[in-house]
Amino acid sequence: MIGIDKAKRLLLAAGLLLLYPACSYYTRNSYELNQHLANGNVKQAYEMVSTKEDKWDKGKDKVLYYLNRGALAWMVGNNTESYKYLLKADYYWEDLNTNYGREALSYLINPRVKEYGGEDFEAVMISYYQILNFVQMNDLERARVQARRLSLQLQRIDDKYKDWVLGDKSFKLQHNAFAHTLLGIVYELTLDYNASFISYRNAIGYYESEYSQFFGLNAPLQLKKDLIRAAYLSGFSNEVEFYTKKYSLTFDPKTDAKAGNLIFFWNNGLGPVKSQVTADFTIVKGVGGWYTFTNPQYGYSIPVYYGSNDPNQSSGFSDVELIRAAFPAYVERKPFYQSATLTANGQSFAFETLEDINATAFKTLNDRMLHEFGKTLLRLTLKKVAEHQAKKENKDAGAAIGLINYLTEQADTRGWNSLPHTINYTRVTLPTGPQEVKLTLQGLNNRVDTATFKFDIKPGRTYVQPYQTIQSINSYF
Amino acid sequence: MKKAYIIAPAIALMLVTSACQTRKVERIDPNQVTDLSGRWNDTDSKLVADEMITDALGRPWLKEFNEKMGRKPVVIVGRIRNNTTEPDIQPETFIKDIEKEFINTATVTVVQSKEGRDDLRAEREDQQTFSTEESRKKWGKEKGADFMMMGVINSNVDAYKNEKVVTYKINLELIDLESNIKVWIGDKEIKKYIKN
């Protein structure tokens, strides 16, 4: 029979645990926000995050609010506001300390009790939007500052990767080719052609190695042309000759000098969202405090250490037990628009994909899946041990702990849900004077949409025009 | 481990209460050094402006100018570029700190920078129509600067895991506006160790 005090304590604890998510305004409202996004209602989504700021800007998920507000403000054309919120998100992650209390609790309850630390590609995307913000505000000095920040970010990711990556590195995504392309573009805009050349060359290297291997995404032809032009402008005549031969291209420096350039970014669709999947594991008790979690469906056999060599310190596990674990898994949101062309000066230009955020997200999670499994199974082991220990003292208490464990078991499905599915670009040379450029979007069911843009082209100047379409086929949220 | 089933809810209780804490605000002395994030802040701006202007005014160019012209030099503070990794650094704040230091020493005259001049001219233009004749300010009486101060804030970041060393290097130059001769170059470094 359970004691009254203990029963009260357990009931209170269970109640508090169930109430815990109620403190996050973001958690309660993210469903509606994602619904607006999935329906293509950018304005409504923006209005939603623009009201009740005091409630959004609170708690462990507030960085998701900064990210979404930053992206949505950019989509509605408010660059100053977008910059402000994305900077908050950027600094939030830069300053994020390990909260040891929450870290420990994440092993006892679930990973959602921690502050959202973000995915590496999400950190890179902050810089993408910030660079667009600064370029659109005609503040190239700060675009360059952001490029330097992105460069540091890439180094940090590389260092982090060295520390935790498991297994054969040649099968892991280590470098962000898109980020290096972006750096090259900013350095080119700020007339630092040498730095631009280095960034373009790095980018091509990563497209040719990792991106083509993992995503079937080859280095864009435009990037190869940009590399040759940056080499020319840096005075590297040997490199111009080498790369024109290597890529079978021709390069005429005179054509570029007379006209202006337009770099057109097309952000298409919405990136994937994380959902929760469950998997049943059989726990087989080994020796020396080790347990092996096996799942024949996924072909996993993962050893987890818990306990000591002391035979008197029993964890209370039976020799074989069954346990259900929750993991995050991405779900793709397929874009409505399938292709696009840009018509300028009587010519049509196709877009090339620079970044497949959908594929990057899947690959990133897949690469660290073993890491995720390890953390989840350790959490489940701790929960199970607590349950067994409680059962030893009191059967009802054990059952109550089991119930709490069951109710609190959740995967971390948080993510920046307003990111695009893919980022495409094209670059066109335009004659000086007033120019009209037409974007033609090819959607499903033969639907065609168009948008026009006007520029007053000055010789030798490079213009950047971004455009976002968020319509998706499937609306998972 | 026996008490794990009590400890877990107890930690949860602590977190539940801490997650719903209200914000605390208190006023502090603006001169108090506050380093929260480790990034460039108002203390850095004031410190650098103070030290660099003291250095600039202790150099021979000032004495030489005074002796040659028999008056205080007129200085304009021009562009200070941000070449760090922090897009929110406001060079304008740093420019104001430099102007303040110059003015407070009373050894140089500071004139309005390019951005503020348009507002002044608009006001003067307005006076020509709406102000009394005796209070109306005349055109063509603006004081031309003898020297322009320009500079750049650089930063170098060396980071690994949760440790970071940020070195800010501020370079300032004072240039003779007529001859383009650099009469003074100064630099100052601020090094910060930040651990998350």
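A residue counts as buried when its relative accessible area is under 20%. I start there because A:Asp226, with a relative accessible area of 1%, is buried by that cut-off. One caution before I go on: what you see is a predicted model.

Let me stay with this aspartate. A:Asp226 is part of helix 12 of chain A, residues 221–233. What does A:Asp226 touch, leaving aside residues up to four places away in sequence? The contacts are A:Tyr200, A:Tyr425 and A:Arg427.

Two of those names take us to the next element. Strand 9 of chain A covers residues 422–430, and A:Tyr425 lies in that strand. Is strand 9 of chain A mostly covered or mostly uncovered? It is mostly covered, with eight of its nine residues buried.

Strand 9 of chain A has partners. Strand 1 of chain A, residues 260–268, runs antiparallel to strand 9 and is joined to it by nine bridges. In that pairing, A:Phe265 is opposite A:Tyr425. Strand 8 of chain A, residues 352–356, also pairs with strand 9 in the antiparallel sense, over four bridges. Here the residue opposite A:Tyr425 is A:Glu352. So much for the strands of chain A.

Next, the cavities. The structure has four cavities of 30 Å³ or more. Sorted by class, the lining of the second largest cavity has eight nonpolar residues, three polar and three charged.

Last, chain B. Strand 3 of chain B, residues 147–160, pairs with strand 1 of chain B, residues 74–83, in the parallel sense over seven bridges. Within this pairing, B:Ile80 faces B:Gly151 of strand 3. Strand 3 of chain B is also joined to strand 4 of chain B, residues 163–176; these two run antiparallel, with 14 bridges. One of the residues involved is B:Met148, whose bridge partner in strand 4 is B:Ile175. Strands 3 and 4 of chain B make a hairpin with two residues between them. In the turn, B:Lys161 has a positive phi of about 50°.

Notes
Residues are numbered from 1 along each chain as its sequence is written. Chains are lettered from A and ligands numbered from 1 in the order in which they are written. This is a predicted model: local features need pLDDT of at least 70, side-chain atom pairs count only at pLDDT 80 or more; totals for chains, interfaces and linings use all residues. Side-chain values use heavy atoms; hydrogens and water are left out. Two strands pair if DSSP finds at least two bridges between them. Buried means under 20% relative accessible area, exposed over 50%, partly exposed in between (1.4 Å probe, protein chains only). Contact means heavy atoms within 4.5 Å. On a 1 Å grid over the protein atoms alone, a cavity is a set of points where a 1.4 Å probe fits but cannot get out, and a pocket is an open set with protein on both sides within 12 Å along at least five of seven lines; lining residues have an atom within 4 Å of a point. Grid points are joined across faces, edges and corners, and a volume is the space filled by probe spheres set on the points. Ala, Val, Leu, Ile, Met, Phe, Trp, Tyr, Cys and Pro count as nonpolar, Asp, Glu, Lys and Arg as charged, and the others, Gly among them, as polar.
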